[in-house]
4 protein chains.
Amino acid sequence: MAPGPIRTALKVDLNKPASEQPQLHNRWHPDIPFAAIINPNETAHIQCVDWTGGQVKNDDSADDVLNADLTKIHYLSGPFEIPGSEPGDVICVEIQDVQPFPEQPWGFTAVFDKNNGGGFLDDLYPQAAKAIWDFEGIFCSSRHIPGVRFPGLIHPGIMGTAPSREVLEEWNRRERELINTTTLGRTVAHPPEPKSVHAGAATEEVKERVGREGARTVPGRPEHGGNCDIKNLSRGSKTYLPVHIKGAGFSVGDLHFSQGDGEISFCGAIEMAGVITVKISLMKNGMEILGMKSPIFLPGPVEPQFGPGRMLTFEGFSVDDAGKQHYLDVNVAYRQTCLRIIEYLKRFGYSGEQIYLLLSCAPIQGHVAGIVDIPNACTTIGLPMDIFDFDISPEGALKNGVKAVDMGSCAYTSNRK
Amino acid sequence: MAPGPIRTALKVDLNKPASEQPQLHNRWHPDIPFAAIINPNETAHIQCVDWTGGQVKNDDSADDVLNADLTKIHYLSGPFEIPGSEPGDVICVEIQDVQPFPEQPWGFTAVFDKNNGGGFLDDLYPQAAKAIWDFEGIFCSSRHIPGVRFPGLIHPGIMGTAPSREVLEEWNRRERELINTTTLGRTVAHPPEPKSVHAGAATEEVKERVGREGARTVPGRPEHGGNCDIKNLSRGSKTYLPVHIKGAGFSVGDLHFSQGDGEISFCGAIEMAGVITVKISLMKNGMEILGMKSPIFLPGPVEPQFGPGRMLTFEGFSVDDAGKQHYLDVNVAYRQTCLRIIEYLKRFGYSGEQIYLLLSCAPIQGHVAGIVDIPNACTTIGLPMDIFDFDISPEGALKNGVKAVDMGSCAYTSNRK
Amino acid sequence: MAPGPIRTALKVDLNKPASEQPQLHNRWHPDIPFAAIINPNETAHIQCVDWTGGQVKNDDSADDVLNADLTKIHYLSGPFEIPGSEPGDVICVEIQDVQPFPEQPWGFTAVFDKNNGGGFLDDLYPQAAKAIWDFEGIFCSSRHIPGVRFPGLIHPGIMGTAPSREVLEEWNRRERELINTTTLGRTVAHPPEPKSVHAGAATEEVKERVGREGARTVPGRPEHGGNCDIKNLSRGSKTYLPVHIKGAGFSVGDLHFSQGDGEISFCGAIEMAGVITVKISLMKNGMEILGMKSPIFLPGPVEPQFGPGRMLTFEGFSVDDAGKQHYLDVNVAYRQTCLRIIEYLKRFGYSGEQIYLLLSCAPIQGHVAGIVDIPNACTTIGLPMDIFDFDISPEGALKNGVKAVDMGSCAYTSNRK
Amino acid sequence: MAPGPIRTALKVDLNKPASEQPQLHNRWHPDIPFAAIINPNETAHIQCVDWTGGQVKNDDSADDVLNADLTKIHYLSGPFEIPGSEPGDVICVEIQDVQPFPEQPWGFTAVFDKNNGGGFLDDLYPQAAKAIWDFEGIFCSSRHIPGVRFPGLIHPGIMGTAPSREVLEEWNRRERELINTTTLGRTVAHPPEPKSVHAGAATEEVKERVGREGARTVPGRPEHGGNCDIKNLSRGSKTYLPVHIKGAGFSVGDLHFSQGDGEISFCGAIEMAGVITVKISLMKNGMEILGMKSPIFLPGPVEPQFGPGRMLTFEGFSVDDAGKQHYLDVNVAYRQTCLRIIEYLKRFGYSGEQIYLLLSCAPIQGHVAGIVDIPNACTTIGLPMDIFDFDISPEGALKNGVKAVDMGSCAYTSNRK
């Protein structure tokens, strides 16, 4: 009658390379064999490695970030077969909990080198940097960014279903077209890449095919979710995902202790290994019932709450640093909003890199405010003042003035210029 | 000892053309004479006309929208002199209340014709449409969009300080450059325009100069605020605005009963005439103290609250309707997110225009979720389920199915094709 | 098509004694004639006098409180006939707004003399005291209690339906029994009282009967609501009230700009005259459908929000000031909780009376925490720290110490001992 | 540099009687030896048994509840020495997390027999009953109360510091006086009791003294906290506790997965064994700095959030079931409020015992609304509608009617009459 402990549907070994663990994979492809089964309405634990598969260490140097091999990331747990699911169905993934491993109560946020990953502000902060975060129950703090501490909005960066062959071909078509036609002079998408491919327990033949055809895991994609990096897919949330193959092929990974809207430094969340607890229910013919083309979700009830009056909010517009006017460009506006916060917080003694890291991982609220008033898009970012152990409010600044104090340093590379 | 009623610092006459009322203006220019004085720390009412200056009527035809003269909009109340303020200072505008006029308890949301204003989705919805909203205290509902009712997050679409001559020249320079260099084949910005200029109580000579040089009011701008259309500048909020001229020249207008993030249909808020109550405090040398380049604000404590689990949230990615992959383009992603909601809600019987109008004005939460996972930007929009008087949840759809019922119609033009 | 301004269903004259206005009344009795009609689903404004009918003035003396005639209070607006309603039905009162009169933007909180009204702590604070609150939109502050300012949770202290003859007899029976049997040595209930009776537009004969039989308005009562003083019946709330007579006989009054849980100083809310806007819908046979014996309600969506981490919370137990142990007595525990806050806040310079007044009217959250752990009941009161313009947190006390500063004085009587 | 896993400061053995584990104790007494040390600002795990020490089983009979030995409860973990703490200091206990043991993902709520513990409504529900709750991450549900599921507001029922000899004597004096003078004809307090005393690792001599003098753990007490059963002492909360002996002697236990305000069925929380993670900081001379007589706390930021409009709220008054009027008696009012909810929910098919259990453990909000309107105290209880998987709203009842469906049964005793 009494249910026993919750079943762990998939385990990982943190002391073994992720690439050698057959229950993981790092490509999206319909032919990757199922790693395990999760039955509808069953509650199950799933263990996950961190998104670098252990490449980043708990130390005070960013050399590991600088040298990280970005072909060896995003080792996902799964794919899981969900018995009874067929194309056209929807699976509803209720996240019942996400926890770090007790023996590894820490995570990291990193700025990647402009030539190895980059990030949203890589022209300003082109060199690798890192902050280690220690977990204390629901809270985290970092020796690399003193003066802040906050509750995590813990979530997986990646949840998705396996693509069908048709979906996969569409992904490859459109991303290839972007690569072939871009004039931006930078990497705009990652094509299929045989190097470092991990196709789970696939045979060599399948693995070779997965390497040749399999979609990379970096972007989220509308047809199945994937690496959406949506901070609100936290405890208690329910995500509805379309099913494209028989058995669904649900995969999950890239756990985040916390993340801000935008995840701006690329490896911007607090990345960690850990355990996610899910219950997956099956909605037969759900894609038609819900008219669904992309995932939808309901956030959970235990998101950290700050009163609205405690969210110091910055505005940005689509006029760039050089004073150039852009036409309703939300990306430019969001970047400007970030820069306004960086300028504001620098006055307290933080370095630009520290703030860049902080904005990536703290629970900031990034909104599209106005998108129709030509030529200026306007975005806002709300920064919860209560994550700081000193007063950052404008009133405080007026009353007490602002003094830059020693805020230490984030981790840098040994060859930093 | 006892203070009397709160002073009304500026009145408007709703029965007279806005263009003939010298306490209003519709350009930003340092030479527009002050309309009145508001002393620091004084609480004052300011009356405002609606953003079309009364062109849109409470009826069931969108002909008024179709024919609206867009050179005759944004008649702002002010500019107000804030004694003691000088360039480099900051004024803090506390919004103590915003109310419609008791004798005019209604507002409107409109889709503008593609050739007369347009909007975020004007390729899909190119013709004018309109919804009238009736106010019932904190709530509003519309005979043109049955089945929904919500509390307003009432706010001004426009608050700003007068530009200095230098600031104005910079605006004109950069927007002119955009106009001169764009290849988009559409109006990308509005240059100074002598037609329908309203320079308040200015002399003819000054008025002529304002027409020639004065900045248009459509976009918000980083240096002073303006038409930011930020829904959270509601009751109880505090906005910090830079001062560029002696006396500040604070103006306000374009009151909204409610608006969603993005204000996507352009005239997307629930537009209304009414009264805003403000207290303005002065922060001497505030721009340096706060390191301020753009406005910052603290939201107020009485924003409508829906539990997080009641926000049905849709995801969108930078892959457009035609399946074309864009590079980290938040605008494309936000558009896709809107389209997902439109598809979802259509199944209940609403027309596309009804939903387009609804997304523009209901308190939807639009977030930048991920902006670094090449090539897909990801945005989310949370739709509060409790504004509907029927169950729109996925669970409800599963339990009861979805039936389209008669949802009436929004107001259309008489020559609609 | 377009609805005009909202109808005012009942007006009051603030310059005329409430006792002379036939649309008011100060007893509960089925024979009081209807003052006006409000149709089901109609939105209507109702004007209300303050609960003392104008006896308390906006000045710096509490003599008016000391001398207030407590037989001349609670002049309610109504009773309103709700056409179609019959005994056994339920009316749902949606409060769409509550506002002070624009020409009277202030209210008062008072401690009544122990011999004229008293209050929860009248043994400690037996003499009359008063604080005047000025309204600034959604906010209020008081020259008598400096350093605090908060958004109002505005609501009516009294809403009820007319009793049937049977209900009225039951009230009189049970309250008379309490009066006849009490051993407390203090006034425990107010029996019917012919003095100062106001029966609206009743004939002399009816008025005489109402004086003889009519229930006093001081307590709320389970059968119909009445003077419940529930702070959460604010903007946007819906209250379901049982109907006992044909036409319902809905009355409302005793408007509060704000109140804390318990309303401990008796006249503890911020009392004001003003306007309440309601929509009343009719639920035929609702008492049976809802199994209703007492009112139920849904709070509104715009209650002031403070993050939970900003609510400094005090604990109290059923051990009284003299160290006497009481058995699971929540009243004793709640009193102790109040005393703990008074002690805490006194250290900053406030007088006991100032804090007593503040706890009565500020949005404090009073909870029954534990009621079964013999012999100690435990209650908690959460005090929002953000209503103070200085830091009252324990961390702040630790960091900066606590210094009592000059906090001025509340209003006292001229003969204060 | 990198901290390792968090230290477990105290372990328990779930397979061994609590009475035989020297790191536990079940009395408050200054002479109980410290079980372990927790250093200031150290994060530490503390394991705890459930409050019955394992007497209640995960099955479908309430016989274990009926026969539970109430002298063998409340085995607390500790006391912990906090080095450096002295009488007059305050310790601040930050609760960083509370979790059930992974191998025991369930808890129980029980109604105790009127003659063995009883509860708030034991005259109506005099016989033992039980519900088992299964944990699914942050959620719980029960086979004994179908149709409900909610996120836990997980917390310890008991946290306290060791009493000094003087404090202990005061407790014994006042509780003895109550026992000696009560006329209630029921157990009103538990005096020191040598039977089943557990004094940790004390010598026989000390144990004998602790049995003779030691305070029982059932009630919370103002001087040190103890069994306060405050539901809001959850993840992220900070509780400030007075120190009465050198080393503080902090103890904790009685973990609850969830509890409603009042914990009305006595064993009303969802009782569980588990692990609490704390960080304790030391505030030297804190009692004077904070003017502290009783604990104060700040709730944590991740309390489950339901929108205010989703809290169906019931009112109760101090008129008892028999129609007797009581004088401002909050206990009577709270009881009536509970009864109103029981009546309301019974219509859906639940039994009285099921609802009694549910109100005890679900996150209901119990408020003291009005406490000064003689003779009626008024209390309210808010019930979150979203914990039900069907619509309990009045609107729903009106639209669809109310049908009682088969709601199964809670666990009863085998000899139930």
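In the predicted model described here, the contact between chain A and chain D takes 29 residues from chain A and 29 residues from chain D, two residues being in contact if their C-beta atoms, placed from the backbone, lie within 7 Å. On the side of chain A that touches chain D, β6 (90-100), β8 (129-136) and β17 (274-283) of chain A each supply at least two residues; helices (H or I, at least four residues) and strands (E, at least two) are DSSP runs, numbered from the N terminus. The residues of this side of chain A comprise 14 nonpolar, 7 polar and 8 charged, where Ala, Val, Leu, Ile, Met, Phe, Trp, Tyr, Cys and Pro count as nonpolar, Asp, Glu, Lys and Arg as charged, and the others, Gly among them, as polar. Residues are numbered from 1 along each chain as its sequence is written, while chains are lettered from A and ligands numbered from 1 in the order in which they are written. As this is a predicted model, local features need pLDDT of at least 70 and side-chain atom pairs count only at pLDDT 80 or more, whereas totals for chains, interfaces and linings use all residues.

Chain A is superposed on chain D, with an RMSD of 0.0 Å, by a rotation of 180 degrees with 0.0 Å of shift along its axis; copies are superposed by least squares on the C-alpha atoms of residues with pLDDT of at least 70 in both. Of the residues of chain A, A:Val302 comes closest to this rotation axis, its C-alpha lying at 2.5 Å. The same surface serves both copies, since 100% of the contact residues of chain A recur in chain D.

Between chain C and chain D, 86 residues of chain C are in contact with 86 residues of chain D, and on the side of chain C that touches chain D the residues divide into 44 nonpolar, 25 polar and 17 charged. Strand β19 (residues 311-317) of chain C pairs with strand β18 (residues 296-298) of chain D in the antiparallel sense over 2 bridges, a pairing being assigned if DSSP finds at least two bridges between two strands. Within this pairing, C:Phe314 stands opposite D:Ile296 in β18(D). Chain C can be laid on chain D by a turn of 180 degrees and a shift of 0.0 Å along the axis, with an RMSD of 0.0 Å, which is the relation of a two-fold axis. C:His367 is the residue of chain C that comes closest to the rotation axis, at 2.3 Å (C-alpha), and 100% of the contact residues of chain C recur in chain D.

The contact between chain A and chain B includes a pair of helices: the axes of helix α5 (residues 330-346) of chain A and helix α5 (residues 330-346) of chain B come within 7 Å and cross at roughly 110 degrees. Axes are lines fitted to C-alpha atoms, for helices over the stretch in contact, and angles run from 0 to 180 degrees between N-to-C directions.

Strand β6 (residues 90-100) of chain C is largely enclosed by the rest of the structure, because 11 of its 11 residues are buried; a residue is buried if 20 or more other C-beta atoms lie within 10 Å of its own, exposed if 12 or fewer, and partly exposed in between, with C-beta atoms placed from the backbone. β6(C) pairs in the antiparallel sense with strand β14 (residues 238-242) of chain C over 5 bridges, C:Ile91 standing opposite C:Leu241 in β14(C). β6(C) also runs antiparallel to strand β17 (residues 274-283) of chain C, to which 10 bridges join it, and C:Gln99 has C:Val275 in β17(C) as its bridge partner. In chain B, 9 of the 10 residues of helix α6 (residues 352-361) are buried, and the buried residues of α6(B) pack against β7 (106-111), β8 (129-136), β16 (266-271) and α5 of chain B.

Some backbone features remain to be noted. Most residues other than glycine have a negative phi, and most peptide bonds are trans. The peptide bond from A:Gly78 to A:Pro79 is cis, with omega near 0 degrees, and A:Pro79 is found in strand β5 (residues 76-81) of chain A. D:His74, in the loop between α1 (63-66) and β5 of chain D, has a positive phi of about 55 degrees and is buried, with 26 other C-beta atoms within 10 Å.
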